[in-house]
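Good morning, and thank you for joining this group meeting.

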Amino acid sequence: MHVIEAENLSKTFQVKQKEKGMRGSLQAIFHPHVQEVKAVHDISFTVEEGEMLAFIGPNGAGKSTTIKMLTGILYPDGGHVEVLGIDPARKRKQLAYQIGTVFGQKEQLWTHLTAYDNFRFFGAIYDLTDAETETRIRELADTFDLGAFINTPVRNLSLGQRIRCEIVASLIHKPKVLFLDEPTIGLDPVVKENIRSLIKEMNREYHTTIFLTSHDVGDIEKLCKRMIIVNAGQIVLDDSMSHIMANYMSQHAHDAHTKRADESASYVADEESGNGNTLENIIMEIYKMDVHDS
């Protein structure tokens, strides 16, 4: 079952251009020069129920714009999108009851409130009864091991603790789709691994569909079975992780062997330094591709 369907989705922004100095400022006011920027250009994809998908790309590739259209924050200029059978642009409030969002760089919790009080607040927002909210808090606090700090003001929590609470707050209403934007950013390796384990457990236990964006290859490699790469507003790769591992990496290994045989020991040194046959390097090379070559 498709929980997300995007067909020929497009979004263009009007961006004002300004020259330097006072003259440029005055011209921008009275005779503005506007440039059209295609943030998302004619992309199509589907996401299955319970899938954990990595939606990645370099900065400015169109990831955030796509997510905002999927969640109803932005209206598309062209194409069609449905999430759980709902048009986000037309029924954003209805969709909000079915999805959750976590942005690693943007807080949604009230920092002066305790984690527990925040969860109660979010339960009220989603029209849960007191009994339903308390049940969900107990379930999620146990799953995410929040007992030691659930009654601590959020402003006094570590970054890792806060991210765990952000995820719990987004799950309080049992969303069917969870959008995760850089959920492990700024975390140390141990806490990152804990967060990843909790996300996998959540997906396994609640069958929540995960739509993940991240610049951390570890998140992608350890959480997702499929990867979509976007660049310049277009999809340049949509493939399973297993196929990427079996094909792209084997091709890199073949190329590395050829270069070692034909060129010099400097390439061998480069390979031994970790710059060769890795998922990170494959992603970097795809980022550098011209979208017209894909």
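This is a predicted model: local features need pLDDT of at least 70, side-chain atom pairs count only at pLDDT 80 or more; totals for chains, interfaces and linings use all residues.

**Helix H7 and its surroundings**

Helix H7, residues 189-206, has 18 residues, and the distance from its first C-alpha to its last is 26 Å, close to the 26 Å expected at 1.5 Å a residue. The expected span is 1.5 Å times one less than the number of residues. Helices (H or I, at least four residues) and strands (E, at least two) are DSSP runs, numbered from the N terminus.

Residues are numbered from 1 along each chain as its sequence is written, and side-chain values use heavy atoms, with hydrogens and water left out.

Which residues of H7 are buried? They are Lys 192, Ile 195, Arg 196, Leu 198, Ile 199, Met 202 and Asn 203. Here, buried means under 20% relative accessible area, exposed over 50%, and partly exposed in between, with a 1.4 Å probe and protein chains only. Seen down the axis of H7, the buried residues fall within an arc of 160°, so they line one face of the helix. That arc is taken from the directions from the helix axis to the C-beta atoms. On the face turned away from the buried side of H7, one finds the exposed residues Pro 189, Val 190 and Arg 204.

The cover over the buried residues of H7 includes strand E3, helix H5, helix H6, strand E6, strand E7 and helix H8. At the start of H7, a side-chain oxygen of Asp 188 comes to within 3.0 Å of the backbone nitrogen of Val 190. Just after H7, His 207 has a positive phi of about 60°.

**Helix H4 and the cores**

In helix H4, residues 115-125, the buried residues are Ala 115, Asn 118, Phe 119, Phe 122 and Gly 123. Seen down the axis of H4, these fall within an arc of 140°, so they line one face of the helix. H5 and H6 are among the elements that cover them. H4 is followed by Asp 127, whose phi is positive, near 60°.

In soluble globular proteins, nonpolar side chains tend to be buried together. A nonpolar core is a set of buried Ala, Val, Leu, Ile, Met, Phe, Trp, Tyr and Cys residues joined through side-chain atoms within 4.5 Å. The largest such core has 48 residues, of which Phe 119, Phe 144, Ile 167, Ile 199 and Met 227 touch the most other members. H6 gives the most to this core, with 6 residues. A second, separate core of 25 residues includes Ala 6, Val 81, Phe 211 and Val 230.

**A buried lysine**

Where is Lys 11 placed? Lys 11 is in strand E1, residues 2-17. Lys 11 counts as buried because its relative accessible area is 12%. Its side chain reaches the backbone oxygen of Tyr 75 at 2.8 Å. Leaving aside neighbours within four places in sequence, the residues in contact with Lys 11 (heavy atoms within 4.5 Å) include Val 37, Thr 65, Met 69 and Asp 77.

**The whole chain**

Finally, the chain has 11 helices and 9 strands. Of its 294 residues, 44% count as buried.

Note on methods. A polar contact is a pair of N or O atoms within 3.5 Å; within protein, one must be able to donate a hydrogen and the other to accept it, and residues adjacent in sequence count only if both atoms are side-chain atoms.
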